[in-house]
Each structure stands twice: as C-alpha cells, then as structure tokens.
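Work through the exercises below with the structure open. Try each task before you read its solution.

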Amino acid sequence: MSIEKMFLIPTVGNRISELQKMLLSMQRYKKGWKFVIIAQAYSNSEKMELSDFVKTIGLDADIVFLKDGVGPARARRVAISSFDADAWIGLDDDMIITPETDYNKMVDIIMDRKDIGLLSSNWARTAELVKERGTKEKLVKQPIVYTGGGLAFRRDFVEMFLEKSPDELWLFDNIAWSLTSYLNGYENYRYLGSICVHKACTKGGRREWVYQGSRVLPDKAFINVRPASNNKRELELGNCWHICDSSDLTEKAKQIHKEAKERLTAK
C-alpha cells in the first residue's frame with residue numbers, strides 16, 4: 001500500500017526568489033510527493049510568476065494564495081485543514097535541499113513509530129557546514145523541536161492538532177506545535193540522518209511579520225517564556241521573547257505529558 005506524502009511550504013511575497021531556489025533543489029522529490037504552498041501577501045504578478053514557475057519545473061503542487069500575511073502557524077493550519085496526506089514534511093522557504101537530505105527515510109520512521117508526534121531533521125546555514133556536520137543514523141528525544149531541516153508528522157497528529165490547538169497568531173509556531181504534541185502524549189524527536197541548508201532568520205518572511213503586530217505567546221502554565229531585550233521594534237509590540245526550549249517545560253506540563261502518554265499507549 002502506497003503512502004501519500006505531502007510537503008507543506010508557507011511563504012510570503014518578499015521571499016519568492018528564495019522559494020524558487022528551494023523548489024529547484026527538490027527535483028528528486030517530484031515523483032511520489034505532492035506539494036502544498038501557502039503563499040501570503042502575493043501581488044497579482046507574483047501569483048502568476050509562482051504558478052508558471054511551478055508548472056515549468058513539473059511539481060505536483062497546489063498553491064493557496066492568502067491575501068494577507070498570517071504568519072507561519074496559521075499558514076500551516078490552512079494547509080493541514082484543506083489537504084490530506086498520510087505523512088507530511090513541513091518546510092520553510094529559505095531552505096536548500098542537498099544530497100544529504102532524506103525525507104523518505106523520515107517518513108519511514110514516523111510511519112513505523114506511532115509514538116512519535118513530530119520528527120525534526122538537522123540543518124546548517126551553508127552547504128559547506130552541511131557536509132562538515134554530515135549525517136548519522138540516530139534519533140534524539142527532544143520534547144520541543146523546531147522545523148530545522150524539515151518537520152515530519154502523520155495524519156493522526158494532524159487530526160489531534162486541529163482538535164486540541166487553538167487557531168492563534170502564535171509568535172513561535174514551532175513551540176505551539178511541539179507543546180500540543182507533548183501535552184497529548186506524543187514523543188518528539190530529532191533525526192540526525194537527514195540534513196539540509198536552512199538560512200534561518202533572514203530578512204522578510206517571519207521576521208517582517210513579527211514587526212506588524214502583537215503575537216500570541218504559549219501558555220505559561222506549561223512552558224516558561226523568558227523576556228529578551230535585543231530588538232526595539234519587537235519590544236514595542238510585546239514580541240521580544242527568547243524562543244522556548246525543552247528546559248523551559250514546567251512540572252505541570254511534564255505531568256500532563258506522562259498521563260496523556262499512558263492513555264495514548266493504552267489505545
């Protein structure tokens with residue numbers, strides 16, 4: 001029985017050239033994979049450019065154009081609410097897929113390990129660093145994970161997430177996803193056997209979106225959110241916070257995870 005596999009890529013109009021480079025780097029995934037691109041705040045000319053580009057390079061892709069910039073969390077929610085797949089890989093539009101990237105293996109892992117909610121892969125900022133870092137066949141348990149070099153999840157995770165997680169303009173979409181997974185009994189992991197280039201935190205994209213208004217923080221009953229002070233504009237909007245990690249989980253969150261995991265395992 002074949003597995004339906006889907007790439008989920010949120011993007012914005014000011015990143016169209018980066019997105020095109022990324023899609024060109026994914027040619028070996030044209031067979032056996034579908035793509036859904038959530039394109040926010042595109043002009044009419046940019047819509048035509050992206051649509052023509054996708055057709056020219058022969059991707060099996062659906063493009064959803066959203067009038068306004070809604071941020072990565074809501075863009076991803078639009079995708080998983082509107083499309084269906086057995087296995088998903090969430091990507092960012094500032095990645096370059098390399099020979100060391102293995103998304104098929106990530107799908108194999110999550111389809112075999114039903115206890116895994118989110119599986120994040122490795123990344124580096126340049127191709128040279130990708131080769132230097134390399135890969136190894138290893139899974140590392142990590143409650144709070146990030147898109148990294150790609151974030152894999154299954155249909156049952158999607159169903160749970162849409163039911164349990166509110167539709168908010170989350171400041172940290174990775175934290176919202178990881179925390180929902182963790183609190184509902186799943187284990188999250190990093191997979192070191194796949195790596196790609198990810199030029200995280202570059203201009204445009206999420207960075208610009210965060211400057212446009214106040215964004216929603218995770219529930220502090222479950223994870224500690226530590227204030228930062230390194231960005232004047234974000235401070236003015238109440239968006240200047242350190243991104244959370246696994247060490248920030250509260251004891252309440254750990255207890256809820258334990259109880260939820262027992263229920264999930266008993267099913």
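Predicted model: local features only at pLDDT ≥ 70, side-chain atom pairs only at ≥ 80, totals over all residues.

Residues are numbered from 1 along each chain as its sequence is written, and side-chain values use heavy atoms, with hydrogens and water left out.

**Exercise 1. Strand β6**

Find out which strands pair with β6, and in what sense.

Solution. 
- Step 1. Locate the strand. β6 covers residues 116–124. Strands (E, at least two residues) and helices (H or I, at least four) are DSSP runs, numbered from the N terminus.
- Step 2. Check burial. Buried means under 20% relative accessible area, exposed over 50%, and partly exposed in between (1.4 Å probe, protein chains only). Eight of the nine residues of β6 are buried, so the strand is largely enclosed by the rest of the structure.
- Step 3. Look for partners. Two strands pair if DSSP finds at least two bridges between them. β6 pairs with β9 (residues 187–198) in the parallel sense, over seven bridges. Ile 116 stands opposite Glu 187 in β9.
- Step 4. Turn to β8 (residues 151–154). β6 and β8 pair in the antiparallel sense over two bridges. Here Ser 120 stands opposite Leu 151.

**Exercise 2. Strand β8**

Which way do the residues of β8 point?

Solution. 
- Step 1. Sort the residues. Leu 151 and Phe 153 point one way, and Ala 152 and Arg 154 point the other way. All of them are buried.
- Step 2. Strand β4 (residues 87–90) runs antiparallel to β8, joined by four bridges. The bridge partner of Ile 89 in β8 is Ala 152.

**Exercise 3. Strand β2**

How many residues of β2 are buried?

Solution. 
- Step 1. Count along residues 33–40. Seven of the eight are buried, so β2 is largely enclosed by the rest of the structure.
- Step 2. Find a neighbour. β1 (residues 5–12) runs parallel to β2, and eight bridges join them. Ile 9 stands opposite Ile 37 in β2.

**Exercise 4. Asp 248**

Is Asp 248 buried or exposed?

Solution. 
- Step 1. Asp 248 lies in the loop between α9 (232–237) and α10.
- Step 2. Read its accessibility. The relative accessible area of Asp 248 is 5%, so it is buried.
- Step 3. List its contacts (heavy atoms within 4.5 Å). Leaving aside neighbours within four places in sequence, Asp 248 is in contact with Phe 222, Ile 223, Asn 224 and Arg 226.
- Step 4. Look at the side chains. Those of Asp 248 and Arg 226 make a polar contact (3.1 Å). A polar contact is a pair of N or O atoms within 3.5 Å; within protein, one must be able to donate a hydrogen and the other to accept it, and residues adjacent in sequence count only if both atoms are side-chain atoms.

**Exercise 5. Cavities**

How many cavities of 30 Å³ or more are there?

Solution. 
- Step 1. On a 1 Å grid over the protein atoms alone, a cavity is a set of points where a 1.4 Å probe fits but cannot get out; a pocket is an open set with protein on both sides within 12 Å along at least five of seven lines; lining residues have an atom within 4 Å of a point. Grid points are joined across faces, edges and corners, and a volume is the space filled by probe spheres set on the points.
- Step 2. Count. There are two cavities of 30 Å³ or more.
- Step 3. Take the largest cavity. Its volume is about 50 Å³. Its lining includes Arg 76, Leu 151, Phe 153 and Trp 177. α7 (173–183) gives the largest share, three residues.
- Step 4. Take the second largest cavity. It holds about 40 Å³ of space. Trp 177 is one of its lining residues. Helix α3 (residues 71–82) gives the most, with three residues.

**Exercise 6. The second largest pocket**

Which element supplies the largest share of its lining?

Solution. 
- Step 1. Note the volume of the second largest pocket, about 250 Å³.
- Step 2. Compare elements. α6 (155–164) and α10 (251–266) each supply at least two lining residues. The largest share, four residues, comes from α10.
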